[in-house]
Amino acid sequence: MTEAPLVPGWPLAHREWQGGRRYQEDDSGALEVEAVEPGDPPALLMVLADGMGGEAGGAIASDTVVRTFIRQFESSTGSIGTRLRECLAQATASLAEQEQNDPRLAGMGSTVVAALYDGRRLSWLSVGDSPMWLFADGRLERLNEDHSMMPVLESLVRDGEMTREEALGDRRRNMLRSAVTGVPASLVDRAERSCRLRPGDYLLIASDGLETLSEEEIEACLVRAGGGAENAASALLATVERVAGPNQDNVTFLLLSGDSAAGDRAAHRTDPVGAAGEPEAAARSGRRLASFAAVLMVGLLAGIAAGTLDADWLAPSNPGDRQVAECESRFPRTA
């Protein structure tokens, strides 16, 4: 099955399946955002929610969360983190208002994953257990926190207080420690990292129904797909449908591929001009910068030799991927 792109120009595929449930409680949406901050390239906002509260409440909660995040992000200003927190606050207020107006909706809630990708950076906010994975260099990596009880049980396994078999069989493993409801969420994951999807890479955001497949099975599907969002999305859904049991949960996911010029176009708006065909002014600027760097390095090395500078000063203060993660004190971790 091939579906029209959610956002023209972005290689984004969308799939949803009701599974063995009588109703669908998942929802998702996407929006292209122009210049989140001055000088930024266009970005893609992806939002997915998995509702709780039964046939009416769960569907209303997930729809409310997705629509609120998209509407609020588009109309708000400020940094990405500020805007995402405003989205969460507004979604919480909207659910509280609906519960007050209709007592039948009391207790409804939803997970949420809201991710913004601009071709060079990935920023997100998530609440609940809906996973977000990065598939790069043939490997699958979960990016966001899991706010179910499973990480707590895994910690008990590591501490020797229960066996892995006991943890996998524990009926609490899928219970949520945090969700978007009519009151502020107790756990919120807000983070960002440098990220540039390359051909063959994917960003995958899903409801937990996709976790009918193990991470190894998801990884294998993406490897076999050989590139392209639609091919990979169809392969994932077909695999879930093949192995699903009679009580299969709803499955919804958004899959962004690196096999298109959309993300590259966004990134190139802020990347330095390449050497091939670059304007002479840019070339002169690059040569001046290289000359300055050479002079600076000679001075530093001379200072080290003379004993006036510590060689440790040259060490990078933050090596690696320069991932930035926020752990707000107002969202204490609870078991």
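## Surface and burial

What is the accessible surface of the chain, and what percentage of it belongs to carbon and sulfur atoms? In this predicted model, the accessible surface amounts to about 16700 Å², and carbon and sulfur atoms account for 53% of it. The chain has 335 residues, of which 44% count as buried.

## Secondary structure and contacts

Eight helices and twelve strands are assigned in the chain. When contacts between residues at least 6 apart in sequence are considered, 71% of them join residues at least 24 apart.

## The aromatic pair

A pair of aromatic rings is described by the distance of the centres and the angle of the planes. The structure holds one aromatic pair. The ring centres of phenylalanine 135 and tyrosine 202 are 5.9 Å apart and the planes lie at 40 degrees, so the pair is tilted; an angle under 30 degrees would count as stacked and one over 60 as edge-to-face.

This pair links distant parts of the chain. Phenylalanine 135 belongs to strand E7 (residues 132-136), whereas tyrosine 202 belongs to strand E10 (residues 202-206); the two are 67 residues apart.

Both partners fall below the 20% limit for buried residues. Phenylalanine 135 is buried, with a relative accessible area of 4%, and tyrosine 202 is buried at 0% relative accessibility.

## A charge over a ring

A further ring, that of phenylalanine 73, has arginine 83 over its face. The distance from arginine 83 to the ring centre is 4.3 Å.

Notes
Residues numbered from 1 in each chain as written. Predicted model: local features only at pLDDT ≥ 70, side-chain atom pairs only at ≥ 80, totals over all residues. Heavy atoms only, no water. Helix = DSSP H or I, 4+ residues; strand = E, 2+ residues; numbered from the N terminus. Buried < 20%, exposed > 50% of the residue type's maximum accessible area, 1.4 Å probe, protein only. Contact = heavy atoms within 4.5 Å. Areas by Shrake-Rupley, 256 points an atom, 1.4 Å probe, with all protein chains shown as cover. Phe/Tyr/Trp six-rings, centres within 6.5 Å; stacked < 30°, edge-to-face > 60°. Lys NZ or Arg CZ within 6 Å of the ring centre and 35° of its normal.
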